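Student: Pick one spot in this model and take me through it closely, then show me how its surroundings are put together. Please spell out the cut-offs as you go.

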Amino acid sequence: MKKLAILIFFFGITSTGFCQLQSRTFEAMDSLQQIQKRKIIVFIHTDWCQYCQKMKATTFKNPEIIQSLNSDFYFIDFNAEEKRDISFNNLTFKYQPTGNNVGVHELALQLGTMNNQIVYPVLCILNDKNEIILQYNNYLRPKDFKLLLEKLKE
């Protein structure tokens, strides 16, 4: 009996401990939307942005947020300095160098620009037709992000 209790305890910890956020690609959106219509949440970030890294380490590690994103939305984790071409919405977007070893991806600019500038991190919410319904450019604590997800489910 003791072994059974230990086994149940162990599997309980590991099943919640390995809850991972499923990140999709822009290229997969058309086929995924045909299977099930969902809003798309695009997290636009850079490697050098401290608030982006903090959000990755806190907000996107929260088990409730992970569960909600995985079950109710399509989530895309998008580095704004991605160098590969991306096909999305029947268009091809490319990396645009702005200097030596620096630049920004056209798709990050398309989805993340607000008031003629892009400030990281950016959350861009798209409807099932790939239209922007919300943009937010600031760090979101887990508590605030949960509230946003609840509103988006309505």
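This is a predicted model: local features need pLDDT of at least 70, side-chain atom pairs count only at pLDDT 80 or more; totals for chains, interfaces and linings use all residues.

Tutor: Start with K54: once neighbours within four places in sequence are set aside, its contacts (heavy atoms within 4.5 Å) are T59 and Y139. Residues are numbered from 1 along each chain as its sequence is written, and side-chain values use heavy atoms, leaving out hydrogens and water.

K54 belongs to helix 3, residues 50-57 (helices are DSSP runs of H or I with at least four residues, strands are E runs of at least two, both numbered from the N terminus). With a relative accessible area of 44%, K54 is partly exposed; buried means under 20%, exposed over 50%, and partly exposed is in between, using a 1.4 Å probe and protein chains only.

Now for helix 4, residues 63-72, where I65, I66, S68 and L69 are buried. These span an arc of only 165° around the axis (taken from the directions from the helix axis to the C-beta atoms), so they lie on the same side of helix 4. An α-helix has 3.6 residues a turn, so residues three or four places apart point the same way. The cover over the buried residues of helix 4 includes strand 1 (39-45), strand 2 (73-79) and helix 6.

Helix 6 runs over residues 142-153, and its axis is 10 Å from that of helix 4, at an angle of about 25° (axes are lines fitted to C-alpha atoms over the stretch in contact, with angles from 0 to 180 degrees between N-to-C directions). That makes the two helices roughly parallel, a label for angles under 35 degrees. On the helix 4 side the meeting residues are E64, I65, S68, L69 and D72, and on the helix 6 side P142, F145, K146, L149 and K153. By class, that contact has 5 nonpolar, 1 polar and 4 charged residues (Ala, Val, Leu, Ile, Met, Phe, Trp, Tyr, Cys and Pro are nonpolar, Asp, Glu, Lys and Arg charged, the others, Gly among them, polar).

Zooming out, the protein chain has 6 helices and 8 strands, and 36% of its 154 residues count as buried.

Conventions:
Angles under 35 degrees count as roughly parallel, over 145 as roughly antiparallel, 65 to 115 as roughly perpendicular and the rest as oblique.
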